[in-house]
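Please look through the sequence and the model first, then read on by topic.

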Amino acid sequence: MTVTDVRTSTDDLTLVFTCEFDASPEQVWRLWADPRLLERWWGPPSHPATVTEHDLVPGGLVRYHMTGPDGETYPGGFRFTQVEPPTALAFEDFFADEAGQPDPNMPTSTTRVQIEGAADGTTRMTLTSTSPSLEAMNQLLEMGAVEGMTAALGQIDTLLESARSSA
């Protein structure tokens, strides 16, 4: 099922990704809570992520880098502002410099994640990314944020299926 809807609103400065999974909210939460699982889907297939720091608490950081097909790395991270297992989290998302600090020359955003179980055993995950300005949003869109996140989220079904098979 994975990505069922993508909405972009320049009025609200938001990108909203809605996904549905054949999994429980707890299984979907693990995709965020386990750094080895997070790195298996956070980057799009062409730019896999490597998580180097992971502290899933309010104020905690995730630091990672994506590696492109040419071997070049692209550091990034997020700082959690809300952590409510297994239903919600929020974070400030940033591109990083080589030292892992937010890069002031790159756009940032805040992301809220809602994870909701349904009576039929499926789970809906909604990611709402809000940019601080239209300029920042347009920069993210020009960099392929919609395509990249859609491709990244598209890897989750296989990851969840693999977890079910090995359980």
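In helix α5 (residues 156-166), the buried residues are I156, L159 and L160. They lie on the same side of α5, because the arc they cover around the axis is only 95 degrees. The model is predicted, so local features need pLDDT of at least 70 and side-chain atom pairs count only at pLDDT 80 or more, while totals for chains, interfaces and linings use all residues. Residues are numbered from 1 along each chain as its sequence is written, and side-chain values use heavy atoms, with hydrogens and water left out.

**Terms for burial, elements and contacts**

- Buried means under 20% relative accessible area and exposed means over 50%, with partly exposed in between (1.4 Å probe, protein chains only).
- Helices (H or I, at least four residues) and strands (E, at least two) are DSSP runs, numbered from the N terminus.
- A contact means heavy atoms within 4.5 Å.

**Helix α5**

- The arc is that of the directions from the helix axis to the C-beta atoms.
- T158 and S165 are exposed on the other side of α5.
- The buried residues of α5 pack against β2, β8, α1 (25-33), α2 (35-38) and α4 (145-153).

**The sheet**

- An open sheet is formed by eight strands in the order β1-β2-β8-β7-β6-β5-β4-β3, with antiparallel pairing; two strands pair if DSSP finds at least two bridges between them.
- β1 and β3 (49-54) stand at the edges with a single partner strand each, so one side of each has no neighbour in the sheet.
- On average, neighbouring strands of this sheet are turned by 20 degrees against each other, direction ignored.
- α5 packs on the sheet and touches β1, β2 and β8, and its direction makes about 30 degrees with that of β2; axes are lines fitted to C-alpha atoms, for helices over the stretch in contact, and angles run from 0 to 180 degrees between N-to-C directions.

**Strand pairs**

- Strand β1 (residues 2-9) and β2 run antiparallel and are joined by seven bridges; T8 has L15 in β2 as its bridge partner.
- Four residues lie between β1 and β2 in their hairpin, and L13 in the turn has a positive phi of about 60 degrees.
- Strand β2 (residues 14-21) is mostly covered, with seven of its eight residues buried.
- β2 also pairs with strand β8 (residues 123-130) in the antiparallel sense over eight bridges, and T130 in β8 is the bridge partner of T14.
- Strand β5 (residues 73-84) and strand β6 (residues 88-95) run antiparallel, joined by eight bridges; A88 in β6 is the bridge partner of E84.

**Inside the protein**

- T126 lies in strand β8 and counts as buried because its relative accessibility is 16%.
- Leaving out residues up to four places away in sequence, T126 touches V16, F17, T18, R112, V113 and Q114.
- The largest nonpolar core has 37 residues, and W32, W41, W42, F78, M125 and L153 have the most contacts inside it; such a core is a set of buried Ala, Val, Leu, Ile, Met, Phe, Trp, Tyr and Cys residues joined through side-chain atoms within 4.5 Å.
- Not counting residues up to four places away in sequence, W32 touches residues including W41, W42, F78 and M125.

**The whole protein**

- The protein has five helices and eight strands.
- Of its 167 residues, 43% count as buried.
- The C-alpha atoms fill a box of roughly 45 × 35 × 30 Å, taken along the principal axes.
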